[in-house]
Amino acid sequence: MQYTLNMAAESEFDEEEEPLFSDPEDFVEDTDDEELLEDVLTERPLEADGIDSVVVVDNVPQVGPERQEKLKNVIHKIFSKFGKITNDFYPEAAGTTKGYVFLEFASPNQALEAVKNADGYKLDKQHTFRGNMRHWLEDADCRDQYSVIYESGERTAIFSNDPKEPMLDEERARWTETYVRWSPKGTYLATFHQRGIALWGGEKFKQIQRFSHQGVSLIDFSPCERYVVTFSPLMDTKEDPQAIIIWDILTGHKKRGFHCESSAHWPIFKWSQDGKFFARMTQDTLSIYETPSMGLLDKKSLKISGIKDFSWSPGDNIIAFWVPEEKDIPARVTLMQFPSRLEIRVRNLFNVVDCKLHWQRQGDYLCVKVDRTPRGTQGVVTNFEIFRMREKQVPVDVVEMKESIIAFAWEPNGSKFAVLHGESPRINASFYHVKSNGKIELIKMFDKQQANSIFWSPQGQFMVLAGLRSMNGALTFVDTSDCTIMYMAEHYMASDVEWDPTGRYVVTSVSWWSHKVDNAYWLWTFQGRLLQKNNKDRFCQLLWRPRPPSLLSQEQIKAIKKDLKKYSKIFEQKDRLSQSKASKELVDKRRLMMEEYRQYKDSAIQLYNQQRELRLQLRGGVDTDELDSNVEDWEEETIEFFINEEIIPLGELE
């Protein structure tokens, strides 16, 4: 019966005229957002809101949906001790948390308290919360850091680079027993000890992790900084391989050990660009391993008869390897994609003596340097086989040189390469451009160069041609945009050249490990202007701290470059201030006085706020902190005061 009534009602509704919901033409909306959305607008972000109250918690367990609620409860319990958590966010990928959390506190002070007190908190055996591991990137003046070892290894220091003079950030005696090494993104500093290695990081270079490996002498990091590989020639057994050990950096746990007959070609393991695979070459075998399991890919190695060398692409999970000629079978270079093991290009080569694999840093090009002995000749000819990796079927171009090759190097972010060739004193420097039309063009050749090494700026375009050690430290600064020599100089007996990550500065040095006198490092601009000469007793090593890749997109970088003139005035003003005649001591004194004033001001404001209730009591509940407070209760009153009276006789006026 109910069903019949409902059907009848629906029938009547259908027959009626459809109601209109649109406003009349002369309708004027007189209700504002505050009335309609009062409860929503109270929660809206304000213009003054920032990220000062937000904390990023890293190294959190990665869990699925069934354990997420428990994880959130644990995290909330730990961090609510430091203040009220107003919001949290657990990023996910494929239903699993990513291993980091965003927590928003009620105030910046509470966030600071959480960072201060939770640093180093051990959640479980595999997860320890760390502080800000990229603190050095927050420097307001974008100064890069570098490590220096001197006094024959007794002292190690970390400096921030400044054009006027280096700024000491940290210095320790016997910090390392041999040398130090930065991780690929600059997060960790590794030091070497008889019992193993230690990793340091954060604002004050606290010890982050220790790896016990007796007699460790060599290490290597995965590009993703998740793993570190250590090598020790001591204590290796058949039952328990310990010559090479792969460690998990976050947990400190040993992932797997391997035997090693020789470390002559270190690193033994080579990593894919994303850290998902690593590979090892043995006789007639190429073994590819997966992370995090550390097991063989597809549970079997590749059988490659006679394999001589291999190398991962820095831009893709592609391996290049070569094998020599065997009877009537030519030598060949193969490009293989992983994990599919698909051969994407094979190049046959003849009369081959040796091959060297050179990847351009972004993986756009591969150069195979092929030394050949053509039939009917006794000399060695070198071919540069250039593989265009981003084009269909990977076409190959060839550049032939009949002179001996001293050095080869790709421009890091471009399509140029440089070659040093010939015999001293007639060494030539040639610059080539791989053009998009399928041709390789010789741009320029400088003859009679005193150089045996090529050092490109990390950003490309600029380079240093250096004659190290036996060539007495001759330096040539080149701009390859038009192939002009900007400056020529000399750092006598220089043994090393190191570009900073930005390409603005370059350091040349004479290491005590190579030469026992004149040990120092000199700082130059990319144009060849000498800024500093830093003499250190028995100076050994300088290493720039790497920077992680930029988070900006190419479009954002282009926009910044386009609007650079907008910011240039601010930078020029800062440069003028830094070049002023005021001494460093005076600037430090003024900075200290300003800091003392700020502290006094903050304490005065705090006292003023604390005394507000007392002021209200003394003034009858009237708030006089504002000039216009209680204006409606004001009354105007004129008050006259009698001061004195003076009588002057009229006669005196005449």
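1. Basis. Residues are numbered from 1 along each chain as its sequence is written. In this predicted model, local features need pLDDT of at least 70 and side-chain atom pairs count only at pLDDT 80 or more, while totals for chains, interfaces and linings use all residues; side-chain values use heavy atoms, with hydrogens and water left out.

2. Asp248. This residue belongs to strand β17, residues 244-248 (strands are DSSP runs of E, at least two residues, numbered from the N terminus). Asp248 counts as buried because its relative accessibility is 5% (buried means under 20% relative accessible area, exposed over 50%, partly exposed in between, with a 1.4 Å probe and protein chains only).

3. Surroundings of Asp248. Beyond its neighbours within four places in sequence, Asp248 is in contact with Phe211, Arg226, Tyr227, His253 and Lys255 (contact means heavy atoms within 4.5 Å). The side chains of Asp248 and Arg226 are joined by a polar contact of 3.0 Å (a pair of N or O atoms within 3.5 Å; within protein, one must be able to donate a hydrogen and the other to accept it, and residues adjacent in sequence count only if both atoms are side-chain atoms).

4. Aromatic rings. Rings of Phe, Tyr and Trp (its six-membered ring) pair if their centres lie within 6.5 Å; planes under 30 degrees apart count as stacked, over 60 as edge-to-face and the rest as tilted. The count by this rule is 34 aromatic pairs. Tyr100 and Phe102 form an edge-to-face pair, with 6.0 Å centre to centre and 85 degrees between the planes. Tyr100 counts as partly exposed, at 27% relative accessibility, and so does Phe102, at 30%. Ring pairs also link Tyr227, Phe258, Phe269, Trp271, Phe278 and Tyr289 into a cluster.

Note on methods: Helices (H or I, at least four residues) and strands (E, at least two) are DSSP runs, numbered from the N terminus.
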